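The following questions and answers examine one protein chain, moving from its overall fold to single elements. Please consult the sequence and the structure while reading.

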Amino acid sequence: MTTPAPVVTAADRAAAGTVLAREAARFAGFGWMRGTSGNLSVVVSREPLRLAVTASGLDKGELDPDDLVVVDGSGTPVPADQGPGAPRKPSAEAGLHARVVALTGAGAVFHVHTLHAVQAARHWPKGVELSDLEMLKGIGRSAHGETVVIPVIENSQDMGELGDRLEAAMVPGVPAVLVASHGMYVWGEDPMQARHHTEIVQWLLEFRLTEG
């Protein structure tokens, strides 16, 4: 059997790993990726789809640029596209990252475990409504004149089932979904936009919770 040729170069992996380590350290510093929790991904190829995903079981505040796994459109590691060294294990949620990319065309997907995301999902299990806030511009919505809903879905350990729930709940133009008792998935066209969306959504949730 012929071994598939690699799609992702060493330079691609290094660039993606640098971004993932930087963003994970940033979020860990905020307390949004405590211990080994959470996972981040960036797209490194569209045709065929390849994502660099943070490796599982590692402290997200201390990742090195090589602490990633390259997965395909189903979230399965691609041996030909891995870097040197011992094989690393991707998050069990890698397939969900790939599904978000396929559905939205995102260039990066960030999954963080913020306390406010869990609290908001518990308070408003049918979705978090927001309106008349200047910060809504940060996720591409109007500051006034519309109600924006950040959807909430029930958690599941079955990633296929969780992906179905996410797909059914997604709101056009809202780059985030809360997972009850778990955290949130947020995405953007590139890692910087995904970072901004994550921080804006977190602010919006904090504000909404202060209102009760």
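Q: What percentage of contacts in the protein chain between residues at least 6 apart in sequence join residues at least 24 apart?
A: The model under discussion is predicted. Contact here means heavy atoms within 4.5 Å. Among contacts between residues at least 6 apart in sequence, the share that joins residues at least 24 apart is 60%.

Q: Which radius of gyration does the protein chain have, and why does it agree with that of a compact globule?
A: The protein chain has 212 residues, and a compact globule with 212 residues would have a radius of gyration near 17 Å. The value for the chain agrees with this, because it is 17 Å.

Q: Is Leu68 buried or exposed?
A: Leu68 lies in strand β3, which covers residues 68-71. Its contacts include Ala16, Leu20, Val53 and Arg88. Buried means under 20% relative accessible area. At 6% relative accessibility, Leu68 therefore counts as buried.

Q: Where on helix α4 do its buried residues fall?
A: Helix α4 comprises residues 159-169, and its buried residues are Leu162, Gly163 and Leu166. Seen down the axis of α4, these residues fall within an arc of 100°, so they line one face of the helix.

Q: Which residue has a side-chain oxygen that reaches the backbone nitrogen of Gly160?
A: This pair of atoms is found at the start of α4. The oxygen reaches to within 2.9 Å of the nitrogen of Gly160, and it belongs to the side chain of Asp158.

How values were computed
Residues are numbered from 1 along each chain as its sequence is written. This is a predicted model: local features need pLDDT of at least 70, side-chain atom pairs count only at pLDDT 80 or more; totals for chains, interfaces and linings use all residues. Side-chain values use heavy atoms; hydrogens and water are left out. Buried means under 20% relative accessible area, exposed over 50%, partly exposed in between (1.4 Å probe, protein chains only). Helices (H or I, at least four residues) and strands (E, at least two) are DSSP runs, numbered from the N terminus. The arc is that of the directions from the helix axis to the C-beta atoms. A polar contact is a pair of N or O atoms within 3.5 Å; within protein, one must be able to donate a hydrogen and the other to accept it, and residues adjacent in sequence count only if both atoms are side-chain atoms. The radius of gyration is taken over C-alpha atoms; the globule rule is 2.2 Å times the number of residues to the power 0.38. Lists of a residue's contacts leave out its neighbours within four places in sequence.
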